[in-house]
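User: I would like to learn how to read charge and fold features from a model. Could we work through one case, step by step?

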Amino acid sequence: MGIKLDIHGRPSGLKSLLTREFVAIMLMTATGFFSQALLSPVLSLYMRDVGLTDQNIGLLVSMMMGGSAIGDISWGWAVDRISLKIVLFLGGVVYGVATTALLIPQTLTLFFVVMFFYGFSRSPIYIVGRWYMGVHAPADIKAQAFAILMVMISITQSIASFSSGFFVEAWGYRSTI
């Protein structure tokens with residue numbers, strides 16, 4: 001029984017989507033979402049632990065969201081113009097550096113800079129999986145492909161978010177970050 005073809009002669013059906021590249025993209029997306037979801041429940045607690053006020057934490061989260069908005073536009077443009085693999089690699093490196101940099105700030109100003117870049121660098125993880133499905137999923141299963149992506153993201157985020165409190169309790173904020 002081979003792979004079904006659509007009316008334009010392109011591969012169709014779920015089997016056509018299940019490639020090594022698809023698995024690699026899903027693993028990278030899952031890893032990124034796990035990392036983000038591990039920090040989400042405890043990031044504000046960490047900021048309070050290092051001495052920031054609730055008002056400053058709120059401003060820092062707003063800065064992070066501003067970075068995310070600019071990142072969505074910038075990284076989306078890069079995926080369309082440059083390469084999915086390059087954006088995924090660069091996004092992962094920038095995200096890793098920005099996440100590690102959360103451990104460095106000693107001043108509020110430096111925290112603002114780090115939180116902007118932390119937000120900016122989160123975007124490739126959101127963009128890459130959606131872009132890949134939008135471009136590579138056969139038209140007749142595009143909705144199923146996006147559903148698979150969202151299930152993977154939801155499961156990953158649920159496991160990481162649930163685990164984060166246990167990680168912090170066992171090893172502290174710095175080790176969790």
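Predicted model: local features only at pLDDT ≥ 70, side-chain atom pairs only at ≥ 80, totals over all residues.

User: Which residues form a salt bridge?

Analyst: The general idea comes before the case. Side chains of opposite charge can pair when their charged atoms come close. Here, a search of the whole structure gives one salt bridge. Its partners are Arg48 and Asp54, whose closest N and O atoms are 2.5 Å apart. The cut-off for a salt bridge is 4 Å, so the pair Arg48 and Asp54, at 2.5 Å, qualifies.

User: What share of the residues in the protein chain is buried?

Analyst: Of the 177 residues in the protein chain, 41% are buried. The chain exposes about 10,000 Å², and 68% of that area comes from carbon and sulfur atoms.

User: Which elements make up the protein chain, and in what order do they run?

Analyst: The protein chain has two strands and seven helices. Read from the N terminus, the order is β-β-α-α-α-α-α-α-α. Along the principal axes, the C-alpha atoms fill a box of roughly 65 × 35 × 25 Å.

User: What percentage of contacts between residues at least 6 apart in sequence join residues at least 24 apart?

Analyst: In the protein chain, that figure is 74%.

Note on methods:
Residues numbered from 1 in each chain as written. Heavy atoms only, no water. Helix = DSSP H or I, 4+ residues; strand = E, 2+ residues; numbered from the N terminus. Buried < 20%, exposed > 50% of the residue type's maximum accessible area, 1.4 Å probe, protein only. Contact = heavy atoms within 4.5 Å. Areas by Shrake-Rupley, 256 points an atom, 1.4 Å probe, with all protein chains shown as cover. Salt bridge = Lys/Arg side-chain N within 4 Å of Asp/Glu carboxyl O.
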